[in-house]
Amino acid sequence: MTTDGKQVRVGVDIGGTFTDIAMEIGGDLHSTKVLTDYAFPENAIVKGVEQVCATAGVPLSAIDLIIHGTTLATNALIERRGARTALITTKGFRDVIEMRTESRFEQYDLNIVLPAPLVSRDDRFVLDERIGPDGAILKPLDDAEVDALCDRIIAAGFESVAIGLIHSYLNDTHERRVRDALLKKAPDLSVSISAEVSPQMREFQRFNTVCANAFVKPLMASYLNRLVGRMKDAGTDCPVFMIHSGGGIISVESAIEFPVRLLESGPAGGAIFAANVAAAYGIDSAVSYDMGGTTAKICLIEGQVPKTSKTFEVARTWRFKKGSGMPISIPVIEMVEIGAGGGSIASVDNMRQIRVGPHSAGSEPGPACYGRGGDKPTVTDADLVLGRLDPDGFAGGTMQLDTDASNGAMQRELADKLGIDNATAAYGIGEMVDENMSNAARMHAVENGKELGEFTMIAFGGAAPLHAARLCEKLSIDALLIPPGAGVGSAIGFLRAPFGFESVRSAYSRLSHFDATAINAVIRDLSDEATGFARRGTSDGELDLECTAYMRYVGQGWEVPVPIEVRSYQQADEASFRALFNDCYERFFGRVIDGLDVEIVSWSLRATSQVTPPTPVARTARTNAAQVSGQRRMFDAAQGRFNDAAIVERSSMKPGDWVAGPAVITERETSTIVTASRDAILQADGCLLIATKANA
Amino acid sequence: MTNELLSDVHKQIMWNRLISVVEEQAVTLIRTAFSTSVRESGDLSAGVFNRAGLMIAQAVTGTPGHVNAMAEAVGHFINDLGRDNIYEGDVFITNDPWKGTGHLHDFTVVSPSFRNGDLIGFFACTAHVVDVGGRGFGPDANEVYEEGIFVPIMKFAKRGEVNMDLVQILRNNVREAHQVVGDVYSLAACNEIGHRRLMDMMDEFQMSDLEDLADFIFKRSYDATVDAIAALPKGQYDNIMRVDGYGEPIDIAVTLDVQDDHITCDFAGTSAPSPKGINCPLIYSTAYACYALKCSVAPEIPNNHYSILPFKVKAPEDCILNVKRPAPVSVRHVLGHLVPDAVLGAVHKMLPGHVPAEGSGALWNLHVSVRPLRGNLAPADGGQRAEVLLFNSGGAGARPTLDGLSATAFPSGVHSMSIEATEHVGPVIFWRKELRDGSGGAGKFRGGLGQVVEIAPTDGHEIYFNAMFDRVAHPPRGREGGENGAPGVVRLDDGTMLATKGRQHVPSGRRLVLELPGGGGYGPVDERDPEAQARDIAFEYVAKN
């Protein structure tokens, strides 16, 4: 044993291409990337864990804890690879998941195709029952009808059943009775009810969420059970926990019951990773920026906590456009995702404008410069032509990039068509993709009532360090941090996540009819549920409880999240709720509106274990000039010209070492571009700080 | 690399940014609006204009009906107020249907944008407000005077000082005063956001005015649009489409004249105005005609003054698509939404195999007023008065290579609301909202299905509603041998048939049943793929035989 009594913790992130493993022993980090195994994902995990154990010199039995996040559930939804699922719903509402919002996500396209419902019409069944908007039973459930329907569903051989009834988030008795009837006849059937999976108002979102849960449940149960078995066989003797969409850790058992909560858990890890960096530096307003081969993701991190939402959209089918996917109502770390990555393909439209993405050359055939048959110019090709990438030093020198191929593709697809030279075309591609990303970030901030100017950017992912400094210029952001280990950021993030669970519930009330008893009951229920789940992972230690009421003026359609203290309320607290709302509303929109009643639409409550805060890092000032290993011509977008840029190897830098932009700082996985307006200083914890010359 | 080339790319970047600026402007409005149709259906628009008042960029929002209206609005403001009467801090306002977007419910607010003391351009935005007084939202008025308060072009704020007289007049003439006044302030605030973003952008790109950029955008948009038009077969193409109207049927007649560098859409032959509020001011008809042409010819070119300039629309005086004051216009959307199908019928003659069959077209907006019963039938707790608004969409027409979209809005971009959320607004219960089996027109490609909606007041209440439904007597027609979609039906659950337009009553204990039209089919039904046919039967999309 070489662990010296230190805890050995392993984070495992299964992504589309790679499975990332990060092992932490005390403060030491070991990591690896192995190719994802699509048929048996657990095999890649075992392989990767064995690799890091070998590097670290510890046996698998020394591992104390494995925390796992995966895109498998997301992929199953995108590829529609799930169980044969039936939906039982209220009579009159058979088509809720097919009618969606009755709208087209693209206004000017006559040949638009909407995503098909997860459960087709012949697999959707109805019961003649109805709960009213106050939770009262308007039409009771008929046992004989339920009985007959159960027989029919079991006879038809469905593998999984979703139950979603109107207003069940207020009264779940009908959903429970139908589930009990099914399980009585078929005890092993996989059954999901909407009142448990997603007790939120809005039938389309809730029904779709319970269908998604049912659809992936057998698949995920089988995978997770296999994984636990394989890890034991391989010699581990520790629990496996799962990271969920909201960025907390839950038990495997909870994950098997609510697999829909695993959606987007990988990106959630990235946001926690960034939040941890923000916490170490004491940064209150940060924006994380992750850019890979196909997409870029942006998340707001305030008070060192990633911003969360109660609903999101997965499996977008058209250009990542809002409305082209399916809504899922669960607590989630909120991210904007746009089709902008290293592999994004550039083209010219009929207004002679350069367009970039959302189509991506991916890793196969990849950008033209990979020399694997790609003949379209991509963002990576532009980065190469502009001198941001070194053709001889890509992926640690293991892959030679073909600059001629980039130039050829650029010439054919852009320069000839526009009558411009290749460098200008490459500049256009780079600027357009950076503009797309910064516009998305700015829009996301506006939707949340924020201005990005005061934020610090934290960038990770293969392509982000190449573009982050230019994004900061466009967003008027002064400081940018690029942490070490950014290539396996999500897996490291898993290790920083708390045990925790967020429960949500729609419970409608108006402040003019303030009912302290009802509010206390909601808070108590949510707190019991969230604490229960969190305790499945950690039995000791205090739990932090954070409660949010989603409030708005009566008549509005969008709620403002208002943090509410977890305690018992009295009738007289009406005034304090109103004051809290006014504060939040004013912060969002600049002014309060007099004379209007305020309503609470829903609640959420998060129970989390207390995580050891990261060791504070003081900002390191510049001391010595970094060792410059060479120079190359690199284009600066803000100046609109090529400059001589210093090349510095990141591994040669010591804390306090600095280099003035224009410069490029190279490492095995990526290169960090320091634009001419900025300088870079290596920090004590290995982060690169890139700040405007005035502030660096 | 020369400066000239760089500057071209530079301007492309700035064009992108400018669109982002107006999108931010629109998002701000959606987030703060009280009006259901703004936040749920995107019934709003936002745009930025150059010094002359020509629109440079516009946010893509839920309604095509504002496109041309917005583009022309700022010109009206400059004309009416006078160029030398525009000061920093001013905010202008109107809801003039003929200078705004076709009915009193839409308020347009324009703010001049100053940079270093010089006027450089304008921001404008429009939103549908909750109420404008008068009879309320419905088709029953005989003149626009009955439809509510009319605010001619004037200043809402002078040099930063809000005109409180106007605020007081508004407050006292509309039903939901706080919400309406709140929305007017929101409109002004969203222009302010646009202005602030524009200033950031101009700092970043070191611009002193918008004129160079505007010229670039105008030239690129105009050239691309004209290129698309030049590729079309020249000639004249006509179509006539009959719809229900209010009381008597209405013909929408269209003639397209396709020239080298423009298309003229002439509505000559269209029926005379209606005595009721389904009439369209020309600006609104123009927007929907333009939308249909843009969808068919140049869908990806962003909206601005020059991208819509090559699409010219005219209509004879005294026609229902070009009514004059004081004609009633409150629910002008019904005919406006039907205009694209009439235009697409003519486009089909020019470009066969390119556009869909006719669809349900106009939204079946349902605005119900729920009232407690009186006397000894009154609910014990006194009951609740409430106004409930719901959007419903019928089936869209089949496409040349695809089935039509079921229960999906076209041409409008609205989103429907959650039934659960709507039941919290007032004492109504929806007993049914699902696809209407067998309503899609048969064909090689099937028309989209309509839907069935059943709504009832809760015990002790009754409902009044303003019907504004079409395609009941005249269902959407199929194309190229495809069959017609099913006509709409408006009735009570006891079989009583109701009128398709105007205010009506649903007594306590009864349900209102709306059966929305299906879309027309495309191509002969005997050419339908057997697999698609089998699926239609398995999914019960077609009625079982």
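**Notebook: a look through chains A and B**

I started with two helices of chain B: V167(B), L170(B) and R171(B) in helix 4 meet A177(B), V180(B) and V181(B) in helix 5. To be in contact here, two residues need C-beta atoms, placed from the backbone, within 7 Å of each other. Helices (H or I, at least four residues) and strands (E, at least two) are DSSP runs, numbered from the N terminus.

Before going on, I noted that this is a predicted model, where local features need pLDDT of at least 70, side-chain atom pairs count only at pLDDT 80 or more, and totals for chains, interfaces and linings use all residues. Residues are numbered from 1 along each chain as its sequence is written, while chains are lettered from A and ligands numbered from 1 in the order in which they are written.

Ala, Val, Leu, Ile, Met, Phe, Trp, Tyr, Cys and Pro count as nonpolar, Asp, Glu, Lys and Arg as charged, and the others, Gly among them, as polar.

Next I looked up the axes of helix 4 (residues 164-171) and helix 5 (residues 177-204) of chain B, which come within 9 Å and cross at roughly 140°. Axes are lines fitted to C-alpha atoms, for helices over the stretch in contact, with angles from 0 to 180 degrees between N-to-C directions.

**Where the chains touch**

How many residues of chain A are in contact with chain B? I found 60 residues of chain A in contact with 65 residues of chain B. On the chain A side, helix 3 (96-99), helix 7 (203-233) and helix 12 (422-447) are the elements that give two or more residues. Helix 12 of chain A gives the most, with 12 residues. The chain A side divides into 24 nonpolar, 19 polar and 17 charged residues.

**Domains of chain B**

Domain bounds come from an automatic or database domain assignment. For chain B I read off domain 1 (3-221) and domain 2 (356-545). Their C-alpha centres lie 34 Å apart. Even so, 11 residues of domain 1 of chain B are in contact with 14 residues of domain 2 of chain B. The domain 1 side of that contact holds 3 nonpolar, 6 polar and 2 charged residues.

**Helix 9 of chain A**

I checked the length of helix 9 (residues 265-281) of chain A: at 1.5 Å a residue its 17 residues should span 24 Å, and the end C-alpha atoms are 25 Å apart, which agrees. The expected span is 1.5 Å times one less than the number of residues. Is helix 9 of chain A mostly covered or mostly exposed? It is mostly covered, as 17 of its 17 residues are buried. A residue is buried if 20 or more other C-beta atoms lie within 10 Å of its own, exposed if 12 or fewer, and partly exposed in between, with C-beta atoms placed from the backbone. Just after this helix, G282(A) takes a positive phi of about 65°.

E102(A) is not a glycine, yet its phi is positive, near 60°. I found E102(A) in the loop between helix 3 and strand 6 (124-127) of chain A. Why is E102(A) buried? Because 24 other C-beta atoms lie within 10 Å of it.

I also looked for cis peptide bonds. One runs from G357(A) to P358(A), with omega near 0°, and P358(A) sits in strand 22 (residues 354-360) of chain A.
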